[in-house]
Structures are given as C-alpha cells and as structure tokens.
Amino acid sequence: ISLNAGFGGVLIVRQDGKFSIWQRAGAGSPKAVMAWTENAAVIKADAAGKATNKLEILVGKDKVTFSVNGKEVHSMPAAAGSMDGIAGLRVNHNLDVHVEKFGVTK
C-alpha cells in the first residue's frame, strides 16, 4: 500500500518489512527517491499474510518527514512551492485493506 502526499511523494511499504519512497512529477514516470530499504518500523506479514502499518507523510515548511507506525524512516528538504497537489492512497491488487482516519490537514 502507498500513501501519496500533495507534492508527488509516495511512501510505499510491502510485506517483507521494507519501504520505498518515490516521486512523480506531472505525467512523467515516477523516480525512486529511496530504494527498497528494510526498517524495523515496518511490520512484516504474519503466517496468515497479514500486517498492519500506519503510514504518515508530514509536509512542513522546510522538511518532509516519512513515518511508519510513528517512527521516522526518512526525511528530506521541502522544495519551495512544490507542496501543493493531490493526496491519496494507492492499493495494489490482491490486498485486503482497511483505511482509518485518512485526512489532509493544514
């Protein structure tokens, strides 16, 4: 599952405990900001193939922070003027997903 912030940044987690960060600009292909990286904050799937992970992207004036389950996994400088856009979720096939408290606040 991935969380898309308004600046085109996407935080993705997968069942093996790894996360990745991508950025999309316009209609072009997305580019990797951070390759797949294992992190203890990402909960791996259990024997039944289930895992629950809380994804957050905090876009501040000077910094963008990517968190999984309340722990920062990556941060980067916020590019001036590039923080406006569409926020949303992307869910791949063959997943059973429960979305709770999705929101965008200023």
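Me: Which residues in the largest nonpolar core touch the most other members?
Reply: This is a predicted model. In its largest nonpolar core, which has 15 residues, Leu11, Phe19, Phe66 and Val68 touch the most other members.

Me: Which strands supply at least two residues of this core each?
Reply: Those strands are β2 (9-13), β3 (18-23), β5 (55-59), β6 (63-68) and β7 (71-77). The largest share, three residues, comes from β6.

Me: What is Val68 in contact with, leaving aside its neighbours within four places in sequence?
Reply: Val68 is then in contact with Leu11, Val13, Ala41, Val42, Asn53, Lys54, Leu55 and Val73.

Me: Now His74. Where is its place?
Reply: His74 is in strand β7.

Me: Is His74 buried or exposed, and why?
Reply: His74 counts as buried because its relative accessible area is 19%, and the cut-off for buried is under 20%. Apart from neighbours within four places in sequence, its contacts are Phe19, Ile21, Val33, Met34, Val64, Thr65 and Phe66.

Me: A change of topic: how many aromatic pairs does the structure hold?
Reply: The number of aromatic pairs is zero.

Me: And what sits over the ring of Trp36?
Reply: The charged end of Arg14 does, 4.3 Å from the centre of that ring.

Me: Last one: where does Val91 lie?
Reply: Val91 is in the segment after β8 (88-90). With a relative accessible area of 41%, Val91 is partly exposed.

Notes: Residues numbered from 1 in each chain as written. Predicted model: local features only at pLDDT ≥ 70, side-chain atom pairs only at ≥ 80, totals over all residues. Heavy atoms only, no water. Core = buried A, V, L, I, M, F, W, Y, C linked by side-chain atoms within 4.5 Å. Buried < 20%, exposed > 50% of the residue type's maximum accessible area, 1.4 Å probe, protein only. Helix = DSSP H or I, 4+ residues; strand = E, 2+ residues; numbered from the N terminus. Contact = heavy atoms within 4.5 Å. Phe/Tyr/Trp six-rings, centres within 6.5 Å; stacked < 30°, edge-to-face > 60°. Lys NZ or Arg CZ within 6 Å of the ring centre and 35° of its normal.
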